[in-house]
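Here is a short briefing on one protein structure. Take a look at the model first, then work through the points by topic.

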Amino acid sequence: MDELYRSTDEQYRILIVEDELDIAGFLKLELEHEGYEVVACHDGRSALEEARNQEWNLIILDIMLPGINGMEICRRIRTQSDVPIIMLTARNTVPDRVAGLDSGADDYVVKPFAIEELLARVRALIRRNVPKSKAEQMQLGGLTLDKATREVFRGEESIQLTAREFDLLETFMMHANHVLTRQQILELVWGYDFVGETNVVDVYVRYLRAKIDVPFRTQLIQTVRGVGYIFKV
């Protein structure tokens with residue numbers, strides 16, 4: 001599973017450096033929807049100022065910028081910080097990619113890009129740089145899930161789940177606010193080689209709801225009729 005565990009008191013901060021306002025706005029919107037705190041700037045000098053004066057979990061950096069280009073910004077940031085940097089550019093030749101990585105970038109994404117792929121790269125880089133002690137818990141909608149201890153709490157109340165119910169809840173929380181079909185849930189929780197009916201998903205969702213939703217005022221797992229389920233926060 002592609003998992004990103006967050007500490008219960010931290011929101012990851014991302015700096016976007018992109019002079020094309022429509023792209024910057026689109027990225028900011030998508031990343032904020034994923035739960036990140038995002039700041040966008042549009043030229044090299046303001047990018048260096050933001051990078052020096054603020055703490056960031058990741059920087060998305062365009063190469064072609066007014067003032068100071070992205071590769072020079074990357075080199076300057078690297079003299080002071082090892083923050084993960086994704087280079088964003090329309091240049092796709094091997095020398096361009098090598099130059100970007102040699103300047104200190106951790107990853108290199110070519111425009112036009114699929115937003116799902118960029119988000120996956122963001123998650124991977126942040127996960128790689130989160131201290132292990134902060135990477136074991138996820139908190140959403142008043143629920144706290146601890147992977148290390150396999151404990152679940154809603155508020156202060158401990159909730160006892162079976163192994164399968166825990167895996168199902170973990171999957172929902174990892175894909176919060178995104179509709180999952182029954183087939184997707186089967187593949188994520190039971191595995192690609194599962195042989196059986198998709199109604200096993202409905203059975204376990206009912207079990208899980210009885211423990212994390214029914215006793216509480218706010219219902220987190222919602223049915224999307226004819227499609228599947230969504231963990232809504």
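Cys-74 is buried, with a relative accessible area of 0%. The cut-off for buried is under 20%. Keep in mind that this is a predicted model.

**Cysteines**

- The structure holds zero disulfides.
- Cys-74 takes part in no disulfide, and the nearest cysteine sulfur, that of Cys-41, is 14 Å away.
- A disulfide needs sulfur atoms within 2.5 Å.
- Cys-41 is buried, at 7% relative accessible area.

**The parallel sheet**

- Five strands make up an open sheet, in the order E2-E1-E3-E4-E5, and their pairing is parallel.
- Strand E2 (37-41) and strand E5 (107-110) are the edge strands, and each pairs on one side only.
- From one strand to the next, the twist averages 20°.
- Strand E1 (residues 13-17) pairs with E2 in the parallel sense, over five bridges.
- Ile-16 stands opposite Ala-40 in E2.
- Helix H1 (residues 21-33) packs on this sheet. Helix H1 touches E1, E2, E3 and strand E4 (85-89), and its direction makes about 170° with that of E1.
- Helix H2 (residues 44-53) lies across E1, E2 and E3. Helix H2 runs at about 165° to E1.

**Asp-62**

- Where does Asp-62 lie? Asp-62 is in strand E3 (residues 58-62).
- Is Asp-62 buried or exposed? Its relative accessibility is 3%, so Asp-62 counts as buried.
- An unreviewed UniProt entry places the feature "modified residue: 4-aspartylphosphate" at Asp-62.
- Set aside its neighbours within four places in sequence, and Asp-62 is in contact with Val-17, Glu-18, Asp-19, Gly-70, Leu-88, Thr-89 and Lys-111.

**The antiparallel sheet**

- Four strands form an open sheet in the order E6-E7-E8-E9, with antiparallel pairing.
- Strand E6 (137-140) and strand E9 (157-159) stand at the edges. Each has a single partner strand, so one side of each is left without a neighbour in the sheet.
- Neighbouring strands of this sheet are turned by 25° against each other on average, direction ignored.
- E6 and strand E7 (residues 143-146) run antiparallel and are joined by four bridges.
- Leu-140 stands opposite Leu-143 in E7.
- Which helix lies across E6, E7 and strand E8 (151-154)? That is helix H6 (residues 163-174), which runs at about 115° to E7.

**Arg-154**

- Arg-154 is found in strand E8.
- Arg-154 counts as buried because its relative accessibility is 10%.
- The side chains of Arg-154 and Asp-213 are joined by a polar contact of 3.4 Å.
- Apart from neighbours within four places in sequence, Arg-154 is in contact with several residues, among them Gly-141, Gly-142, Leu-143 and Ile-159. The list of contacts for Arg-154 also includes Ile-212, Asp-213, Phe-216, Thr-218 and Leu-220.

Terms used: Residues numbered from 1 in each chain as written. Predicted model: local features only at pLDDT ≥ 70, side-chain atom pairs only at ≥ 80, totals over all residues. Heavy atoms only, no water. UniProt positions renumbered as here; feature names shortened; annotations may be inferred. Helix = DSSP H or I, 4+ residues; strand = E, 2+ residues; numbered from the N terminus. Buried < 20%, exposed > 50% of the residue type's maximum accessible area, 1.4 Å probe, protein only. Contact = heavy atoms within 4.5 Å. Pairing = 2+ DSSP bridges. Axes fitted to C-alpha atoms, helices over the stretch in contact; angles between N-to-C directions. Polar contact = N/O pair within 3.5 Å; in protein donor to acceptor, adjacent residues only side chain to side chain.
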